[in-house]
Amino acid sequence: AADDLDDIRAALGVDKIAIATASYGTWVAQGYAIRHPAHVERMVLDSTIGPNQNADAFSVEQFSSARALAEALCHRHACDGITTDPYGDLLKLYAKLTAKPVAARVVAPNGTRRKVTIGPLALAQLLPELDVDPNLRAELPRALGGALRGRPGPLARLVAGGPVGPPADARSAVNQTLFDVTHCEEDVQPFDRTAKPMDRIEQARAALAAIPPETFDPFGPQIALLTSLVPTCAFWPMRAEQPSFGSGSPPNIPVLFLHGEFDLRSSFKSTETVAR
């Protein structure tokens, strides 16, 4: 992708380009700067992916950011009359659902009613979507409070998700297969890339066991495994060698870094790492 970008630059007939990009694009931009340093004038990197995050298979940095994001939901008195501690509510509800999942009925987009069971994993899987789903950010504090008080309906609607099936406009959709394959091939995996799938799973579990369990509080290491791409990537027939942009040095150019308060796609530590 970085070399394709340089082909476009050459086809345009320009010597130097300014790159403005976000999320995974920031990773490609870093690769471009390393591989084609003479042709970069400046960069704007928004939600930056760094080598530390590329090697963080179990999202340790995201788990450490969860509390700050949850607390940010109620900045500027957004939760007045609902809760004073959204993260505390999350911890209490997670413990409650771990002891006993709850069920509620929701109305699906097609008008039918269906039963939704809310367990600890379903709650944990909501968190990674907080930064890209403004409706989830708006609804989660009251949904947590309601579930703690015996009214799980609002939370069940969040767990149930939106309409299923092909999107109305495929151009705006995420290609999940491409997403998975890109991460599986390019991320630093916690297993031998040449091992068989089940051996990879065992190696990944051993790597996870070496991380202090409290790192993933209150969810625990098993949730970290289940919400990661490791179980998917264990079955991807990846190349034997880790892909690399090469060992060149990036150019000495101006770079503007942007990092948002609700960002979980990339960690603030990742932004700091790339800035250094």
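At 15% relative accessibility, Phe63 counts as buried, because buried means under 20%. The model is predicted.

Ala66 is one of the buried residues of α4, as are Glu61, Gln62, Leu69, Ala70 and Ala72. The cover over these buried residues includes α3 (51-54), α5 (86-99), α11 (221-226) and α13 (268-275).

A pair of aromatic rings is described by the distance of the centres and the angle of the planes. The structure holds four aromatic pairs. One of them joins Phe63 to Phe216: this pair is edge-to-face, with 5.1 Å centre to centre and 85° between the planes. Phe63 lies in α4 and Phe216 in the loop between α10 (197-209) and α11, so the pair ties together parts that are 153 residues apart in sequence. Phe216 has 0% relative accessibility and therefore counts as buried.

Tyr94 and Phe219 have ring centres 5.0 Å apart and planes at 80°, so this pair is edge-to-face. It links Tyr94 in helix α5 to Phe219 in the loop between α10 and α11, 125 residues apart. Both Tyr94 and Phe219 are buried. Phe63, Tyr94, Phe216 and Phe219 form one aromatic cluster.

Asp131 is in the loop between α6 (120-124) and α7 (134-148). It counts as buried, at 15% relative accessibility. The side chain of Asp131 reaches the backbone nitrogen of Arg265 at 2.8 Å. Beyond its neighbours within four places in sequence, Asp131 is in contact with residues including Arg137 and Phe262. The charged end of Arg137 sits over the ring of Phe262, 4.5 Å from its centre.

Conventions. Residues are numbered from 1 along each chain as its sequence is written. This is a predicted model: local features need pLDDT of at least 70, side-chain atom pairs count only at pLDDT 80 or more; totals for chains, interfaces and linings use all residues. Side-chain values use heavy atoms; hydrogens and water are left out. Helices (H or I, at least four residues) and strands (E, at least two) are DSSP runs, numbered from the N terminus. Buried means under 20% relative accessible area, exposed over 50%, partly exposed in between (1.4 Å probe, protein chains only). A polar contact is a pair of N or O atoms within 3.5 Å; within protein, one must be able to donate a hydrogen and the other to accept it, and residues adjacent in sequence count only if both atoms are side-chain atoms. Contact means heavy atoms within 4.5 Å. Rings of Phe, Tyr and Trp (its six-membered ring) pair if their centres lie within 6.5 Å; planes under 30 degrees apart count as stacked, over 60 as edge-to-face and the rest as tilted. A charge sits over a ring if NZ of Lys or CZ of Arg is within 6 Å of the ring centre and within 35 degrees of the ring normal.
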